[in-house]
Amino acid sequence: MTVAVAAAAVGPAPSGDLLVATDCTKRFGGLVAVNNVDFNIPRGSIVSLIGPNGAGKTTFFNMITGLYIPTTGSILFDGVELTGRKPHEVVRLGVARTFQNIRLFGNMSTEDNVLVGLHHRLKSRWYGAILRLPSVRREEADAHVRAMELLDLVGLASRSATLARNLPYGDQRRLEIARALATDPKLLLLDEPTAGMNPEETRRLTDFVRELREKLGLTILLIEHDMKVVMGISDRVTVLDHGERIAEGTPAEVRADVRVIEAYLGRGAAGGG
């Protein structure tokens, strides 16, 4: 089954960018979590958003996905303004995410977790489900086929009946990605996907993220603290510190930027004294 993205009136994405954020600020009372940030994501790229704890990275993710509304600024996705849209509307436009703290339905099977991600693409009405109309049965069968395809993609097809809470940690991460993919996104946001993983799990997941871009043509934005992952997978890296963008460029450029070194290690370490 091909899960179609809901139609929306869109304009051309400026300069080939899938997402363009302009002058984005988010205030919580007197706290400025994100301050006048300009940010863009080229189509088909893997972009990392990094910075010390409290830099504003997850707040920025939450603004993209509709959990927070920017205090000021604009976020365009594929030519559509996201600002003010509710999370389910953002998902329908083609933005999906995972969370730093895994948010699976632990007492549901692996397959059922993926079916949850597919649910908002289904067309059947409540009365059709009650009457068990042939169209409803066909749609349900297609959804199960699609769920198994996604589980196969992430290497979990053989564990489709396993409760999500009984999966190893690395497999839970993969299941959360499968559930996000069930929404048929154009842009996939990964919030610290390798957090808590051992080196081998991290290597496998990093390879898998590359495969998602290559096989599905996804554009990927990730928050990640493991600098080996960031430098090895990213086409471009953007650095936030205290809510402001302090650097942006290729991994090599960002790694050598004095402002980035200061943000992570302190001014004394950056200056060599």
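Which helices and strands each supply at least two residues of the lining of the largest pocket? In this predicted model, they are α2 (87-93), β6 (95-97), α3 (110-118) and α6 (169-181).

**The largest pocket**

- Start with the space itself: the largest pocket holds about 480 Å³.
- Its lining is made up of 20 residues, and those nearest the centre are Val 91, Arg 97, Phe 99, Arg 179 and Thr 183.
- Among the elements, α2 gives the most to this lining, with four residues.
- By residue type, the lining of the largest pocket splits into 11 nonpolar, five polar and four charged residues.
- Two domains take part: domain 1 (2-94 + 185-271) and domain 2 (108-183) each contribute at least three residues to the lining.

**Aromatic pairs**

- Here is a handy idea to begin with: two numbers describe a pair of aromatic rings, namely the distance of the centres and the angle of the planes.
- Phe 28 has a relative accessible area of 34%, so it counts as partly exposed.
- Tyr 68 is also partly exposed, because its relative accessibility is 29%.
- Phe 39 and Phe 60 make up another edge-to-face pair, with 5.2 Å from centre to centre and 80° between the planes.
- Because Phe 39 sits in strand β2 (residues 31-42) and Phe 60 in helix α1, the pair ties together parts that are 21 residues apart in sequence.

**Charges over rings**

- Phe 28 comes up again here: Lys 26 lies over the face of its ring, at 5.2 Å from the ring centre.
- Elsewhere, Arg 174 has its charged end over the ring of Phe 208, at 4.9 Å from the centre of that ring.

Key. Residues are numbered from 1 along each chain as its sequence is written. This is a predicted model: local features need pLDDT of at least 70, side-chain atom pairs count only at pLDDT 80 or more; totals for chains, interfaces and linings use all residues. Side-chain values use heavy atoms; hydrogens and water are left out. On a 1 Å grid over the protein atoms alone, a cavity is a set of points where a 1.4 Å probe fits but cannot get out, and a pocket is an open set with protein on both sides within 12 Å along at least five of seven lines; lining residues have an atom within 4 Å of a point. Grid points are joined across faces, edges and corners, and a volume is the space filled by probe spheres set on the points. Ala, Val, Leu, Ile, Met, Phe, Trp, Tyr, Cys and Pro count as nonpolar, Asp, Glu, Lys and Arg as charged, and the others, Gly among them, as polar. Domain bounds come from an automatic or database domain assignment. Buried means under 20% relative accessible area, exposed over 50%, partly exposed in between (1.4 Å probe, protein chains only). Rings of Phe, Tyr and Trp (its six-membered ring) pair if their centres lie within 6.5 Å; planes under 30 degrees apart count as stacked, over 60 as edge-to-face and the rest as tilted. A charge sits over a ring if NZ of Lys or CZ of Arg is within 6 Å of the ring centre and within 35 degrees of the ring normal.
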